[in-house]
Amino acid sequence: MPGLENHPESLAFATRQLHAGARGFDAYGSRATPIYLTAGFEFDDIADGEGRFADPATGFSYTRVGNPTAAAAERRIADLEGGVGALLVGSGQAATTTALLTILESGDHIVAASAIYEGTRELLRSEFGRLGITTDFVDDPRDPAAWEAAIGPRTRALVAETIANPRGGVLDIPAVAEVAHRHGIPLVVDSTLATPYLLRPLELGADIVIHSASKFLSGHGTGLGGVIIDGGRFAWDAVPGRFRQIAAETGPDGRTFVERSGERAFLDTARRVAMRFGPSPSPLNAFLLLQGIETLSLRVERQSQTAATLAAWLEARPEVAGVDYSGLASHPDHDLAVRLLPAGQGALFSFTLTGGRAAAEAFTRSVRLFTPMTHLGDVRSLVLHPATTTHASRDDADLARIGVGPGLLRISVGLEDAGDLIADLERGLDAARAATGVVPEDLPETVSA
């Protein structure tokens, strides 16, 4: 891309989210990335088709393998995260699955933080378990010794989130990466809640970054997508016999992916895995993702500021037993948040109502701006009751152990006016108080933003 690709380090994040990977790739010079809504692409001749099948980087053949609209989104996200490249797939769950199946095989072992998205936990525990891939969960991800103790001879990946869903724990990426690399293991980080605007895990030692692009990257709740970013620095062939797909198996040319692709070895292997399993992204969703990224910094900055205002307001309310937001001094990971997330602590947090489930039900029925639904990262504010939705498969004892009680609600803060959102929260708290008969003393007056 003229003027950008040669000097990306000279441009700010807000500029790169508009321009990175966008110019010089369209045959007709379209300034906006077109939607290439096609299943396949013409070959010039047999030799051209042969070349594209042998190396997808030489041209497009079939949208399950690659598509120009998706490729534009991949270039831009890789630029923003500081990776050597990226792979766009159909959903965040597909990104997690594809990334890990690129690394793992039957008999391998994962060590994961216990505080991760429940869908990821069940993927590792149940679905990967059926494939002979086992997982141990670290209850205290802040403790490097706990990660170290869980690593065994067949451990092949450490897995965690930059900001944990739903209670907002912050990962000490440098500390966990140091443990991983001492054992010759990659650190795979889901950074959906942080976004590359607030935190870039590759700069702190992570090896692979995953996003549910359906969330903050897209921002408008209109399309699904997932993305995998390769840092390009992990030595996949350092320990003979490990990571066989990447560093041991040879292709028709007699070379491994490490020998053929160099720093892009993981990424090119992952593209083959995705091609075979088929979690293809829609070109329309790739286009919507590109549209969303253009305003990423503006949205996330505003949403994080508003979330901090709402979290502080809720913490002062007597109807609220506690608020889980790392931007608050009361959060156990506040020191990490200050160090690793100085631009903001994100737009998702949880809080617990003193009245339990009855209070949560009344709150959810009464709010007007917070939409009850299972999504996050939207421009509209959302609310969810994890104990009956995302965490419904867990028993009461397990929920109590991880701090997801019957009165806990998760909110994703949108772009509405902060004062309007506070008024809506107060409407919900009034309803919760009335429903449970709890009359806290000295109710504070409404605080305007």
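The expected span of a helix is 1.5 Å times one less than its number of residues. This rule is applied in the first of the views below, each of which shows part of a predicted model.

**Figure 1. Helix H4 has a length that agrees with its residue count.**

**Figure 2. Strand E7 is largely enclosed by the rest of the structure.** Strand E1 (residues 85–89) pairs with E7 in the antiparallel sense through 5 bridges, and Ala86 stands opposite Ile229 of E7. Strand E6 (residues 208–212) also runs antiparallel to E7, joined to E7 by 5 bridges; here Ile208 stands opposite Asp230.

**Figure 3. Ser218 is a buried residue of the loop between E6 and E7.** The relative accessible area of Ser218 is 7%, which is under the 20% limit for a buried residue. Leaving aside neighbours within four places in sequence, Ser218 is in contact with Ala213, Gly223, Leu289, Gly292 and Arg299.

**Figure 4. Five strands form an open sheet of mixed pairing.** The strand order is E8-E9-E12-E11-E10. Strand E8 (320–324) and strand E10 (371–372) stand at the edges; each has a single partner strand, so one side of each is left without a neighbour in the sheet. E8 pairs with strand E9 (residues 348–353) in the antiparallel sense over 4 bridges, and Val320 stands opposite Leu353 in E9. Helix H15 (residues 356–366) packs on this sheet, touching E9, E10, strand E11 (382–384) and strand E12 (408–412). The direction of H15 makes about 125° with that of E9.

**Figure 5. Phe41 and Phe60 form a tilted aromatic pair.** The structure holds 9 aromatic pairs. In the pair of Phe41 and Phe60, the ring centres are 5.6 Å apart and the planes make an angle of 40°. Phe41 belongs to the loop between helix H1 (13–19) and helix H2 (46–54), whereas Phe60 belongs to the loop between H2 and helix H3 (68–81); the pair therefore ties together parts that are 19 residues apart in sequence. Phe60 is partly exposed, with a relative accessible area of 28%.

**Figure 6. Ring pairs link four aromatic residues into a cluster.** The members of the cluster are Phe234, Trp236, Phe243 and Phe266.

**Figure 7. Two arginines lie over phenylalanine rings.** Arg121 lies over the face of Phe137, at 5.7 Å from the ring centre. The charged end of Arg260 sits over the ring of Phe257, at 5.0 Å from its centre.

Technical notes:
Residues numbered from 1 in each chain as written. Predicted model: local features only at pLDDT ≥ 70, side-chain atom pairs only at ≥ 80, totals over all residues. Heavy atoms only, no water. Pairing = 2+ DSSP bridges. Helix = DSSP H or I, 4+ residues; strand = E, 2+ residues; numbered from the N terminus. Contact = heavy atoms within 4.5 Å. Axes fitted to C-alpha atoms, helices over the stretch in contact; angles between N-to-C directions. Phe/Tyr/Trp six-rings, centres within 6.5 Å; stacked < 30°, edge-to-face > 60°. Buried < 20%, exposed > 50% of the residue type's maximum accessible area, 1.4 Å probe, protein only. Lys NZ or Arg CZ within 6 Å of the ring centre and 35° of its normal.
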